[in-house]
Amino acid sequence: MSITSQFIDVSGVHTHYQCGGEAGSPVLLLHGGGTDSSSLSWGLLLPELAQGHTVIAPDWPGYGQSERTPRAFNQEYYLDFLEAFLESLSIERPGLAGISMGGGLALGFALRHPERVGRLALLDSYGLAERAPYHYLSYLFVRMGWLNRLSWAWVRRSRSLAGYSLRSIFHDPKRITPELVDQVYEEIRRPYPGRAFEAFQQSELLPGRLRTVYMPRLGELHRQVLLVHGEYDSLVPLGAARQAQERLPNARLEVIPGCGHWPQRERPDLVNPLLVDFFRE
């Protein structure tokens with residue numbers, strides 16, 4: 001299945017997105033933060049899912065090939081952007097799948113506009129846990145913007161450092177392929193690496209908790225929800241996904257064994273069939 005790259009102006013942002021498929025209901029794939037992009041998170045899934053759906057995977061502003069100028073990116077900004085993106089492409093009631101930050105935005109959009117969302121797949125999703133790992137230290141770190149940018153500048157100097165950085169989100173380092181390292185290193189070498197995520201973290205990390213926690217509102221979602229979560233996710237604990245399953249009226253949880261925070265890249269052999277089947281049902 002052929003996947004094409006397109007560009008569109010959305011709320012003044014030159015936005016890149018990938019699309020494929022011409023039949024079936026629309027499905028929107030939302031990538032995460034850090035150095036992520038639509039290609040990195042969804043490059044392996046896009047051709048499979050496009051066989052039965054119209055699939056669209058945007059690069060968030062500040063990521064991938066979308067406009068990367070520094071600005072105050074936060075949860076509300078991205079939710080407004082997602083609404084404008086759907087309107088710009090005249091997409092009605094898509095299924096949504098999101099990883100990490102993208103999962104939190106998919107969840108937030110479904111709660112904001114429940115009538116405009118079909119099925120929902122949340123992969124190691126932001127918006128479930130109340131605190132980040134080593135929360136207060138993380139809070140202090142993101143307040144030191146110069147230190148954060150120094151870290152990115154250091155990683156940009158070496159492909160091997162880019163590969164080593166993946167160990168924080170993979171459980172099994174043997175599954176970090178040379179091809180993936182090349183892709184990550186390419187993203188890190190784009191302008192303003194990590195700057196959009198830094199702005200997002202500065203907004204979301206409060207001294208004692210995360211700003212966005214959707215757990216108390218999950219009972220409002222009465223659509224089919226698939227929770228996919230790495231067994232050894234070090235960023236969003238598996239317990240948060242289990243609690244979400246209990247609160248969501250129509251949800252099932254698939255735990256990916258021996259897997260960390262990026263399950264569709266660490267175990268695509270297990271995760272991609274789950275997503276294809278979920279949106280086909």
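Ser 37 is buried, with a relative accessible area of 1% (buried means under 20% relative accessible area, exposed over 50%, partly exposed in between, with a 1.4 Å probe and protein chains only). The model is predicted: local features need pLDDT of at least 70, side-chain atom pairs count only at pLDDT 80 or more, and totals for chains, interfaces and linings use all residues. Residues are numbered from 1 along each chain as its sequence is written, and side-chain values use heavy atoms, with hydrogens and water left out.

**Surroundings of Ser 37**
- Ser 37 sits in the loop between β3 and α1 (38-42); helices (H or I, at least four residues) and strands (E, at least two) are DSSP runs, numbered from the N terminus.
- A polar atom of the Ser 37 side chain lies 3.2 Å from the backbone nitrogen of Leu 40.
- Beyond neighbours within four places in sequence, Ser 37 contacts His 31, Asp 59, Gly 64 and Glu 187 (contact means heavy atoms within 4.5 Å).

**Strand β3**
- Five of the five residues of β3 (residues 26-30) are buried, so the strand is largely enclosed by the rest of the structure.
- Pro 26, Leu 28 and Leu 30 are buried on one side, and Val 27 and Leu 29 on the other.
- β3 runs parallel to β4 (residues 54-58), joined by three bridges; two strands pair if DSSP finds at least two bridges between them.
- β3 also pairs with β5 (residues 95-99) in the parallel sense, over four bridges.
- Val 27 has Val 55 as its bridge partner in β4 and stands opposite Gly 95 in β5.

**Helix α12**
- Buried residues of α12 include Val 271, Leu 274 and Phe 278.

Note on methods: A polar contact is a pair of N or O atoms within 3.5 Å; within protein, one must be able to donate a hydrogen and the other to accept it, and residues adjacent in sequence count only if both atoms are side-chain atoms.
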